[in-house]
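Subject: Structure handover

Hello,

Here is the structure I promised to pass on. My notes on what turned up follow below it.

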Amino acid sequence: MPKVKTSDVCRLRSYVQQYGESIFSTDESVLFCKVCEVKVAVEKKFTVTQHVSREKHLCALEIKKNRKSEVQTLFNTMPKNNTFTTDLCTTLVSANIPLFKLKNENFRKFLSKYTGQDIPDESTIRKNYVGNTYNDTINYIRTYVENKKLWVSIDETTDIEGRYVANVIIGTLEIGCPGKTFLFNAEVLEKTNNSTNAKLFDNSMSLLWPEGIKHDNVLLFLSDAVPYMVKAGKNIKAFYSKMEHVTCLAHSLHRVAEEIRKKFPEIDAFISNVKKIFLKCPSRVLKFKEMAPGIPMPPQPILIRWGTWLSAAIYYCENYQLIKSIVMKFDKEDAVAIENAQKLLNDTNLELNLTFIKANYGNLPKYITTLETSGLSLTNSINIIAQVQNEIGTDNSSIGISIKKKLEAVIEKNLGFKTMKHISNILERKATSRNNTILEELTADDMAYMKFAPMTSVDVERSFSRYKTTLADNRRRFTFENIKQHLIIQCYHETQVLIGSIEDLVSKGNNFSLIRLTGLLVSITAKILGIQLPAITISIQITYAGVTESDGCNTMVALLGPT
């Protein structure tokens, strides 16, 4: 039987099948070499064999294989959101460890040795993980506070770059225990006024509830008492009908302390000059330590830090004779501050005025510090103000009457305080009915959540301390968006560590020492604020569930004040 001639189409397909689709392709009329990118003659079989054996074809085939290998390698080394790198990012950011530390070869070797993982480049984490970690943090906060009653606090500061930075703190109002607090938003304001702050408040609530703001869940707004924040509070209340606006009580007491400072200009001048005497002068500091080894160095009060001037005045009252003997031994020709301080010390009224301040206002710094304590109940906050009013009211001198009027004016302007005071009376069964200060929209159920409502804006002040720590001199190239993400991640994880450690210890059935718990609180707080624990200890007493324990330990209250 004669041979049947193979059709051209079948022959072309057979070459493609023989050498592979990665080498040849056909449109059923032409055989095309993908490697060399040329047409191949197919009249004779040897022409195809000859083409694939040529050096040109073989070189092109090798190049193609190498390119494929490079692409595969690049694909395999592309950053993936694996668990280790995500955890590494979270750890570094929450601990405020700069990501560029990953460039340190010893640090990389250490991490690799003890984790057994490939350590990513810092740019990989910055570009692919920080943003995701921030988004996860925001989602965690949203999930936790979704259906809870909330309080909100806003304040602004000017950073080292001259930007007006405003932080938004949100916290939950819980039944029977203090709620959790979160730094939720931070923005740069074009200018600080009532409209920009009201807009920031509303934008933050939109970020918290992207599917629709739950206006009735916001029960309390905290701020300082500057006029534009008071006006912003009134504007915000138009949309949040259940919300009460309270100006910070610790800030109110600080304003009273400032009024005391103004009444004693000679003491103010003395504190300022003694501060200058020892500032940046190691020889005088050494002289002081030699003459007064058991006495701490004179304090250096900062006027914007609540109650620090009054604390300094009390220090000089307690150590007046010793400070006088040291300052008077310095040569007045060495510095103008020494000459001025010595002149003031020669005035006998200085000592008497220091005595007057401590006798009548010596407890005011302690009350400010107590108000700054996290988790303070509403009733305790109200009682502190009542105690201050009683103590200041006992001074019937002209200065005392003036200070008393200042306190009354500060409290009178704080309209939200009157409402919260009546709610506190209801919670303590000291009131038998509502009065006209309580909003009609505020239900009995809403008031039940006010038991641990905060009365100070200290949490937002602490967030500014963390902000300034993050924006260090060697990190000034930070964009604000990156600072915001780092800051919110840090504050969130610090809150989780503190609350988690306490909850683990105070879980039902655990046998633990309350003093050890207090020591843990001190250690965690010091770590968060970056504070060196003081060597001096004091004796404190704690009562819990009818059991009282006493021991020497560091007090946490002093560490929790604004920095």
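The strands come first. Please keep in mind that this is a predicted model. β4 and β5 are antiparallel partners, with ten bridges between them. One of the residue pairs is Asp-155 with Asn-167, the latter in β5. The hairpin of these two strands has five residues between them. In that hairpin Gly-162 adopts a positive phi, near 85 degrees.

β5 covers residues 164-173. How many of its ten residues are buried? Nine are, and the strand is mostly covered. β5 also pairs with β6, residues 181-189. That pairing is antiparallel too and has eight bridges. Within it, Val-165 sits opposite Val-188 of β6.

**The three-stranded sheet**

There is an open sheet of three strands, in the order β1-β2-β3, and its pairing is antiparallel. β1 (24-26) and β3 (38-40) are the edge strands. Each has a single partner strand, so one side of each lacks a neighbour in the sheet. On average, neighbouring strands here are turned by 40 degrees against each other, direction ignored.

β2 spans residues 31-33 and forms three bridges with β3, in the antiparallel sense. Cys-33 has Val-38 in β3 as its bridge partner.

Two helices pack on this sheet. Helix α1 (residues 8-19) packs there and touches β1 and β2. The direction of α1 makes about 155 degrees with that of β1. Helix α2 (residues 45-53) packs on the sheet as well, touching β1, β2 and β3. For α2, the angle with the direction of β3 is about 140 degrees.

**Helix α9**

α9 runs over residues 227-237. Its buried residues are Met-229, Ala-232, Gly-233 and Ile-236. Why do they lie on the same side of α9? Because they cover an arc of only 105 degrees around the axis. The general rule is that an α-helix has 3.6 residues a turn, so residues three or four places apart point the same way. Pro-227 and Lys-234 are exposed, on the other side of α9.

What do the buried residues of α9 pack against? Their partners are β4 (149-158), α8 (194-208), β7 (218-223) and β8 (244-247).

In α17 the buried residues are Leu-364, Pro-365, Tyr-367, Ile-368 and Leu-371. Seen down the axis of α17, they fall within an arc of 160 degrees, so they line one face of the helix. They pack against α10 (249-263), α13 (308-318), α16 and α18.

The model has two cavities of 30 Å³ or more. The largest cavity holds about 40 Å³ of space. Which residues line it? They are Asn-360, Tyr-361, Leu-364, Tyr-367, Val-388, Glu-391 and Ile-392. At least two lining residues come from each of α16 (348-361), α17 (364-371) and α18 (378-392). α18 gives the most, with three residues.

**Two single residues**

His-251 is in helix α10. Is His-251 buried or exposed? The cut-off for buried is under 20% relative accessible area. His-251 has 19%, so the residue counts as buried. Leaving aside neighbours within four places in sequence, His-251 is in contact with Asp-224, Ala-225 and Trp-306. The C-alpha atoms of His-251 and Leu-371 are separated by 9.8 Å. Along the chain, these two residues are 120 residues apart.

Thr-137 belongs to helix α7, residues 130-145. Thr-137 counts as buried, at 2% relative accessibility. Which residues does Thr-137 touch, not counting those up to four places away in sequence? The contacts are Ile-488, Ile-489, Tyr-492 and His-493.

Best wishes

Note on methods:
Residues are numbered from 1 along each chain as its sequence is written. This is a predicted model: local features need pLDDT of at least 70, side-chain atom pairs count only at pLDDT 80 or more; totals for chains, interfaces and linings use all residues. Side-chain values use heavy atoms; hydrogens and water are left out. Buried means under 20% relative accessible area, exposed over 50%, partly exposed in between (1.4 Å probe, protein chains only). Helices (H or I, at least four residues) and strands (E, at least two) are DSSP runs, numbered from the N terminus. The arc is that of the directions from the helix axis to the C-beta atoms. Contact means heavy atoms within 4.5 Å. Two strands pair if DSSP finds at least two bridges between them. Axes are lines fitted to C-alpha atoms, for helices over the stretch in contact, and angles run from 0 to 180 degrees between N-to-C directions. On a 1 Å grid over the protein atoms alone, a cavity is a set of points where a 1.4 Å probe fits but cannot get out, and a pocket is an open set with protein on both sides within 12 Å along at least five of seven lines; lining residues have an atom within 4 Å of a point. Grid points are joined across faces, edges and corners, and a volume is the space filled by probe spheres set on the points.
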